[in-house]
There are 2 protein chains.
Amino acid sequence: MNQQVNRGVRTGGRSARVREAILTATFDELVATGYAALSMEAVASRAGVHKTTVYRRWPTVDDLLLDALTTWSQEALPVPDTGSIDTDLVALGRELADALNDGVGRQIAAFVLTSGLRSSRLSEATRRYFDHQALRAVPTVRQAVDRGELPETCDANALLTTFRAPLFYRMVTTGDPIDDALITHAVDVALNAARAGLLSG
Amino acid sequence: MNQQVNRGVRTGGRSARVREAILTATFDELVATGYAALSMEAVASRAGVHKTTVYRRWPTVDDLLLDALTTWSQEALPVPDTGSIDTDLVALGRELADALNDGVGRQIAAFVLTSGLRSSRLSEATRRYFDHQALRAVPTVRQAVDRGELPETCDANALLTTFRAPLFYRMVTTGDPIDDALITHAVDVALNAARAGLLSG
């Protein structure tokens with residue numbers, strides 16, 4: 001329970017700093033090596049702590065990953081507010097591209113497709129990771145509705161899913177980098193579908 | 001070269017039958033265990049041959065997988081011809097759902113996201129696998145253009161990519177089964193984008 005408190009208030013105490021360093025190192029190691037090669041020793045080394053410090057709180061690699069995913073999924077992330085839904089979605093698309101091109105998103109997707117499915121707790125945590133990425137932008141879509149850029153019936157989650165799908169598609173099928181041409185095309189298709197009333201709640 | 005001839009004409013000779021059994025067993029094992037656990041012994045056992053028969057032609061698991069992917073990507077597959085693009089796409093979506101829900105498509109996607117990227121030959125073969133899945137349906141889209149169901153400028157590949165993306169998105173982010181509700185929604189969004197002129201070549 002103490003973990004939760006430290007996480008929430010960010011006291012900056014040594015325990016909280018160590019915890020944050022270890023969870024950050026977990027994601028960094030995941031990106032560097034993938035899930036199959038993720039080791040407690042490498043996480044401890046990257047975080048600059050002794051491995052017993054890691055084992056004391058997280059008995060297994062899965063516990064570490066579960067906590068890192070859960071913590072990330074509770075963070076309040078800033079969302080773009082550029083004044084129009086077109087440019088807001090392009091900004092969101094660029095952030096997503098960073099996560100999927102070389103970042104933790106790609107490794108977590110690989111995890112969903114492989115071992116993630118064998119552990120229901122981890123599977124639930126990976127789902128929350130991607131949900132959070134999409135849901136944090138719901139206010140952005142609501143603002144666009146308020147400004148009259150989208151129909152009032154537009155379902156924010158359906159719009160964000162439609163917009164994000166082509167970026168994931170490229171990552172999975174070819175592995176080619178997600179670039180601005182793909183992002184702007186995905187924005188056009190999603191906004192068009194929304195304006196045609198296909199993305200209503 | 002003889003392999004190619006056997007594959008094309010399907011002579012039914014013993015060598016061709018053994019080869020087909022081994023490549024089929026490779027995909028079946030991939031689905032059952034995933035790439036990381038794929039073994040020559042298990043493939044041989046599943047195909048009902050001695051493992052030396054496998055090693056003689058395919059020195060490594062990667063050689064087996066490369067050949068299985070390449071062979072599959074050259075097969076002429078039947079495509080739906082139901083009389084309208086809406087129902088043709090639904091039929092294609094159901095086939096894709098079978099491959100992604102529990103089939104080889106999911107394992108190959110996992111492979112793209114993990115070790116596939118470390119071998120350029122295999123990476124190229126996995127890309128061809130997904131390309132082939134999409135490209136085989138290009139005539140289906142062309143027919144729809146000829147029938148006046150889609151604008152003449154519609155780019156078949158762009159339409160198929162837009163249609164397939166939401167199915168892959170669900171597989172990657174939640175792992176939930178791809179069902180008919182998702183498929184018909186993906187058809188609506190893709191056809192709407194095409195008719196709005198957003199998917200032109």
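Me: A salt bridge is a side-chain nitrogen of Lys or Arg within 4 Å of a carboxyl oxygen of Asp or Glu. How many salt bridges does a search of the whole structure find over all chains?
Reply: The model is a predicted one. With the cut-off of 4 Å between nitrogen and carboxyl oxygen, the search runs over all chains, and the total is 20 salt bridges.

Me: Which helices does the salt bridge between Glu41(A) and Lys51(A) link?
Reply: The side chains of Glu41(A) and Lys51(A) meet at 3.6 Å, N to O, which is a salt bridge because the limit is 4 Å. The two residues are 10 residues apart, and the pair links distant parts of the chain. Glu41(A) belongs to residues 40-47 and Lys51(A) to residues 51-57, that is, to helix H3 and helix H4 of chain A.

Me: What is the helix content of the span that UniProt annotates as "DNA-binding region"?
Reply: The UniProt annotation, from an unreviewed entry, covers residues 39-58 of chain A. The end C-alpha atoms of residues 39-58 of chain A lie 12 Å apart.

Me: How far apart are the end C-alpha atoms of the span listed as "domain: HTH tetR-type"?
Reply: In an unreviewed entry, UniProt lists residues 16-76 of chain A under this name. The span is 74% helix and 0% strand. Its end C-alpha atoms are separated by 18 Å.

Me: How many helices does chain A have?
Reply: Along the sequence, chain A follows the pattern α-α-α-α-α-α-α-α-α-α-α. The C-alpha atoms of chain A fill a box of roughly 55 × 40 × 30 Å along the principal axes. Chain A has zero strands, and its helices number 11.

Me: What area is buried between chain A and chain B?
Reply: In the interface, 33 residues of chain A are in contact with 33 residues of chain B. Carbon and sulfur atoms give 68% of the buried area. The area itself is about 2900 Å².

Me: Which three residues supply more of the area that chain A buries against chain B than any other three?
Reply: The area buried between the two chains is about 2900 Å². Of the part that chain A buries, 24% comes from Leu113(A), Tyr169(A) and Val172(A).

Me: Which residue of chain B forms a salt bridge with Asp176(A)?
Reply: The count between chain A and chain B is two salt bridges. In the one formed by Asp176(A), the closest N and O atoms are 3.1 Å apart. The partner of Asp176(A) is Arg127(B).

Me: Which helix gives the most residues to the side of chain A that touches chain B?
Reply: At least two residues each come from helix H7 (104-113), helix H8 (120-135), helix H10 (156-173) and helix H11 (180-195) of chain A. The residues of this side divide into 17 nonpolar, 10 polar and six charged. The most, 10 residues, come from H10(A).

Me: What kind of axis relates chain A to chain B?
Reply: Chain A can be laid on chain B by a turn of 180° and a shift of 0.0 Å along the axis, with an RMSD of 0.0 Å. The copies meet through the same surface, because 100% of the interface residues of chain A are also interface residues in chain B.

Key: Residues numbered from 1 in each chain as written. Chains lettered and ligands numbered in written order. Predicted model: local features only at pLDDT ≥ 70, side-chain atom pairs only at ≥ 80, totals over all residues. Heavy atoms only, no water. Contact = heavy atoms within 4.5 Å. Buried area = accessible area lost by both parts, 1.4 Å probe. Helix = DSSP H or I, 4+ residues; strand = E, 2+ residues; numbered from the N terminus. Nonpolar A, V, L, I, M, F, W, Y, C, P; charged D, E, K, R; others polar. Least-squares fit on C-alpha atoms with pLDDT ≥ 70 in both. UniProt positions renumbered as here; feature names shortened; annotations may be inferred.
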